[in-house]
Amino acid sequence: ALNGSFLLSLSAAPVVNGNTFRRRFRLHYSALSHSVQIRLSERFCVTVGGASHVQSSSGAGAAKLMLAANTSVIPGTNVRTSLNVTGTSPDCELSVSRSLSPHCFVQQKL
């Protein structure tokens with residue numbers, strides 16, 4: 001199965017000139033995020049996504065790329081790994097989670 005989402009938000013404000021009949025708009029904020037989830041089997045899922053935003057007319061902003069994999073080892077136990085890249089600094093995470101009862105959940109992150 002293939003799942004995805006797309007979000008775009010913009011914010012603009014008028015620029016005041018000496019001429020009141022001519023108004024122009026300047027972009028203050030723009031953001032874009034998307035993710036695609038691919039279920040390769042009943043127990044294995046891969047997610048790929050990204051996000052970016054631009055703030056002010058100077059073009060200052062940031063971008064992020066995300067790659068994650070999630071698998072169910074046995075019923076009630078999941079293993080998830082993710083890699084996030086923001087600029088030139090990657091961040092990796094590995095977690096194992098286990099449901100002991102409906103009210104107790106154990107998670108270990110590396």
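This is a predicted model: local features need pLDDT of at least 70, side-chain atom pairs count only at pLDDT 80 or more; totals for chains, interfaces and linings use all residues.
Visitor: Where is the place of Thr47?

Guide: Thr47 sits in strand E3.

Visitor: Why does Thr47 count as buried?

Guide: Its relative accessibility is 15%. Buried means under 20% relative accessible area, so Thr47, at 15%, counts as buried.

Visitor: And Phe44, in which strand is that found?

Guide: Phe44 is found in strand E3, which covers residues 44-55.

Visitor: Why is Phe44 called partly exposed?

Guide: Phe44 has a relative accessible area of 31%. The partly exposed class lies between the buried cut-off of 20% and the exposed cut-off of 50%, so 31% puts Phe44 in that class.

Visitor: What makes Phe44 part of a nonpolar patch on the surface?

Guide: A patch takes residues with over 30% relative accessible area and no salt bridge, and nonpolar side chains are joined within 5 Å. Phe44 has 31%, so it clears the 30% cut-off. The patch consists of Val36, Ile38, Leu40 and Phe44, with about 300 Å² of accessible area together.

Visitor: Back to Thr47: which residues is it in contact with, leaving aside neighbours within four places in sequence?

Guide: Val36, Gln37, Met66, Leu67 and Ala68 are in contact with Thr47. Val36 also belongs to the nonpolar patch.

Visitor: How far apart are Thr47 and Met66 in sequence and in space?

Guide: They are 19 residues apart in sequence and 7.8 Å apart in space, going C-alpha to C-alpha. Contact, though, is judged on heavy atoms within 4.5 Å, and Met66 is on the contact list of Thr47.

Visitor: What makes E4 and E5 a pair of strands?

Guide: Strands pair if there are at least two bridges between them. E4 (residues 60-74) and E5 are joined by 10 bridges and run antiparallel, so they pass that cut-off. Leu67, one of the contacts of Thr47, stands opposite Leu83 in E5. The hairpin of E4 and E5 has 2 residues between the strands, and Gly76 takes a positive phi near 95 degrees there.

Visitor: How do you know that E5 and E6 pair as well?

Guide: Same test: at least two bridges are needed, and 10 bridges join E5 (residues 77-86) to E6 (residues 89-101), so they count as paired. The two run antiparallel. Asn84 has Asp91 in E6 as its bridge partner, while Val85 has Pro90. This hairpin has 2 residues between its strands, with Gly87 in the turn at a positive phi of about 65 degrees.

Visitor: What joins E6 to E7?

Guide: There are 6 bridges between E6 and E7 (residues 104-109), which run antiparallel. Arg98 has Val106 in E7 as its bridge partner, and a hairpin joins the two strands through 2 residues.

Visitor: Zooming out, how many helices and strands does the protein chain have?

Guide: There are 0 helices and 7 strands, so the elements run β-β-β-β-β-β-β from the N terminus on.

Visitor: And how much of the protein chain is buried?

Guide: Buried residues make up 13% of the 110 residues. Thr47, at 15% relative accessibility, counts as buried. The accessible surface of the chain comes to about 8300 Å², with 60% of that belonging to carbon and sulfur atoms.

Methods:
Residues are numbered from 1 along each chain as its sequence is written. Side-chain values use heavy atoms; hydrogens and water are left out. Patches are made of residues with over 30% relative accessible area and no salt bridge: like charges are joined within 9 Å, nonpolar side chains (Val, Leu, Ile, Met, Phe, Trp, Tyr) within 5 Å. Accessible areas come from the Shrake-Rupley method with a 1.4 Å probe; for residues, only the protein chains shown count as cover. A salt bridge is a side-chain nitrogen of Lys or Arg within 4 Å of a carboxyl oxygen of Asp or Glu. Helices (H or I, at least four residues) and strands (E, at least two) are DSSP runs, numbered from the N terminus. Buried means under 20% relative accessible area, exposed over 50%, partly exposed in between (1.4 Å probe, protein chains only).
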